[in-house]
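Try each one on your own, then follow the solution step by step.

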Amino acid sequence: MQKLKEKIGCWLHERKDLELALLGLTRKSWLDLCNRQERVVVDPDSGGRVCQWRDSSMLTLARVFPRAGARLLRYALGRWPFEFNFQAERLTTDKPLASVLIAIGGTARLEQFRLVLASLRAQSMSELEIIVVEQSERREIQDHLPSDVIYLHDAYDTTGGFNKSRALNIGARQARGEHLLIHDGDYMVPREYAAECVRVLRTVEGVRPGRFNFHLDQASTFETIRTKGTLNRIRLEYVVQNNPTPMAVRRKSYWEIGGHDEAFVGWGGEDVEFLSRLRTRSVCEGGWLPVIHLWHPPAPKKASGDRNQEQQDYLLSLDPEMRIQRLRQEK
């Protein structure tokens with residue numbers, strides 16, 4: 001009975017808005033869809049939607065009606081197509097406009113990572129460099145990367161945990177682009193992703209481009225890997241709004257706020273803390289693009305429930321300008 005009530009309530013609110021938006025029978029856009037207790041407003045810089053709540057949240061519509069969530073993804077794909085380049089050599093440039101930074105540790109998610117790279121190598125913007133920083137005791141993925149991807153190795157002892165912040169800072173120091181696209185190794189993005197980030201970064205110092213993060217389930221992820229990006233059989237675990245990642249930022253601003261805080265070790269916290277310092281500058285927080293997250297086993301700290309929450313909360317309780325000064329002195 002409780003599940004039936006939940007479905008009826010979702011139909012009368014979230015599901016009704018979805019159907020009307022997809023049919024074009026309302027002034028609301030697919031970008032306006034959210035949970036009934038939430039509110040979004042139009043962002044003047046991106047044309048996207050700013051979520052007027054602090055933390056990320058799961059879209060109730062996709063949880064109660066999983067097929068409706070998949071329909072929303074298909075609708076988004078019609079507006080922002082995904083393409084994949086596995087074979088062709090990308091044209092590279094000595095003067096990239098933007099640099100994609102990806103930190104990765106080992107080969108555990110290699111198949112997912114190849115798919116992510118293929119979506120980045122198919123970007124419409126040619127003035128783009130892709131920098132992969134592998135953090136490990138020995139080089140493991142270098143031979144698996146296309147020749148047009150810049151590979152850096154951080155010989156760091158990961159016994160205590162992966163230090164994503166350290167790897168991103170290494171990549172940022174080598175980046176030649178005016179803009180940094182801070183990326184994760186499990187996010188696929190639309191063909192216009194880089195160009196759209198750069199478009200908005202002309203007027204602000206930071207941007208959060210993702211409106212919805214669509215999390216594929218395990219079967220769909222491996223089907224997408226097998227078919228090299230053919231998104232035919234889509235099944236979702238959930239859909240997330242207001243996620244701190246992915247982010248893009250001007251390279252100059254990245255260092256002016258101190259880069260990433262390398263005190264974070266293991267999964268969690270570093271992106272939220274970085275965003276809190278970035279907010280001392282001009283930031284576009286109105287997401288407008290779909291992002292697809294590929295399934296993988298959870299990181300050890302995430303699985304155990306230890307997400308660096310205490311460390312994150314402590315740092316967020318401190319004045320961000322004070323944290324910026326400390327990090328700039330350390331670097």
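**Exercise 1.** Find which residues Ala68 touches, not counting residues up to four places away in sequence, and decide whether Ala68 is buried or exposed.

*Solution.* Keep in mind as you look that this is a predicted model.
- Step 1: Start in helix 3, residues 66-79, where Ala68 lies.
- Step 2: Leaving out residues up to four places away in sequence, the contacts of Ala68 are Arg15, Leu18 and Leu61.
- Step 3: Take Leu18 from that list. Leu18 and Ala68 are 50 residues apart along the chain, yet their C-alpha atoms are separated by 8.2 Å.
- Step 4: The relative accessible area of Ala68 is 2%. Buried means under 20%, so Ala68 is buried.

**Exercise 2.** Work out how helix 9 is oriented towards helix 11 and towards helix 12.

*Solution.* 
- Step 1: Locate helix 9 at residues 270-278 and helix 11 at residues 309-316. Their axes lie 9 Å apart, at an angle of about 10 degrees.
- Step 2: Angles under 35 degrees count as roughly parallel, so helix 9 and helix 11 are roughly parallel to each other.
- Step 3: Look at the contacts of this pair: Val272, Glu273 and Ser276 from helix 9 meet Gln312, Leu315 and Leu316 from helix 11.
- Step 4: Now turn to helix 12, residues 320-330, whose axis comes within 9 Å of the axis of helix 9 and crosses it at roughly 105 degrees. Helix 9 is therefore roughly perpendicular to helix 12.
- Step 5: Here Glu273, Ser276 and Arg277 of helix 9 meet Pro320, Arg323, Ile324 and Leu327 of helix 12.

**Exercise 3.** Say how many salt bridges a search of the whole structure finds, then examine the one between Asp148 and Arg121 and the one between Arg166 and Asp154.

*Solution.* 
- Step 1: Side chains of opposite charge can pair when their charged atoms come close.
- Step 2: The search of the whole structure gives 29 salt bridges.
- Step 3: In one of them, the side chains of Asp148 and Arg121 meet at 2.8 Å, N to O. Asp148 sits in the loop between strand 5 (128-135) and strand 6 (150-154) and Arg121 in helix 4 (residues 110-121), so this pair ties together parts 27 residues apart in sequence. Both Asp148 and Arg121 are buried.
- Step 4: Arg166 and Asp154 also form a salt bridge, at 2.7 Å from N to O. This pair links distant parts of the chain, with Arg166 in helix 5 (residues 164-174) and Asp154 in strand 6, twelve residues apart.
- Step 5: Compare the accessible areas: Arg166 has 27% and is partly exposed, whereas Asp154 has 3% and is buried.
- Step 6: For a network of salt bridges, look at Lys164, Asp184, Glu270 and Asp271.

**Exercise 4.** Describe the backbone at Asn242, at Lys228 and between Thr245 and Pro246.

*Solution.* 
- Step 1: Asn242, in the loop between strand 11 and strand 12, has a positive phi near 60 degrees although it is a residue other than glycine. With a relative accessible area of 7%, Asn242 is buried.
- Step 2: Lys228, in the loop between helix 7 (218-226) and strand 11, is not a glycine either, and its phi is positive at about 55 degrees. Lys228 is partly exposed, at 48% relative accessibility.
- Step 3: The peptide bond from Thr245 to Pro246 is cis, with omega near 0 degrees. Pro246 lies in the loop between strand 11 (236-241) and strand 12 (247-250).

Methods. Residues are numbered from 1 along each chain as its sequence is written. This is a predicted model: local features need pLDDT of at least 70, side-chain atom pairs count only at pLDDT 80 or more; totals for chains, interfaces and linings use all residues. Side-chain values use heavy atoms; hydrogens and water are left out. Axes are lines fitted to C-alpha atoms, for helices over the stretch in contact, and angles run from 0 to 180 degrees between N-to-C directions. Helices (H or I, at least four residues) and strands (E, at least two) are DSSP runs, numbered from the N terminus. Angles under 35 degrees count as roughly parallel, over 145 as roughly antiparallel, 65 to 115 as roughly perpendicular and the rest as oblique. Contact means heavy atoms within 4.5 Å. Buried means under 20% relative accessible area, exposed over 50%, partly exposed in between (1.4 Å probe, protein chains only). A salt bridge is a side-chain nitrogen of Lys or Arg within 4 Å of a carboxyl oxygen of Asp or Glu.
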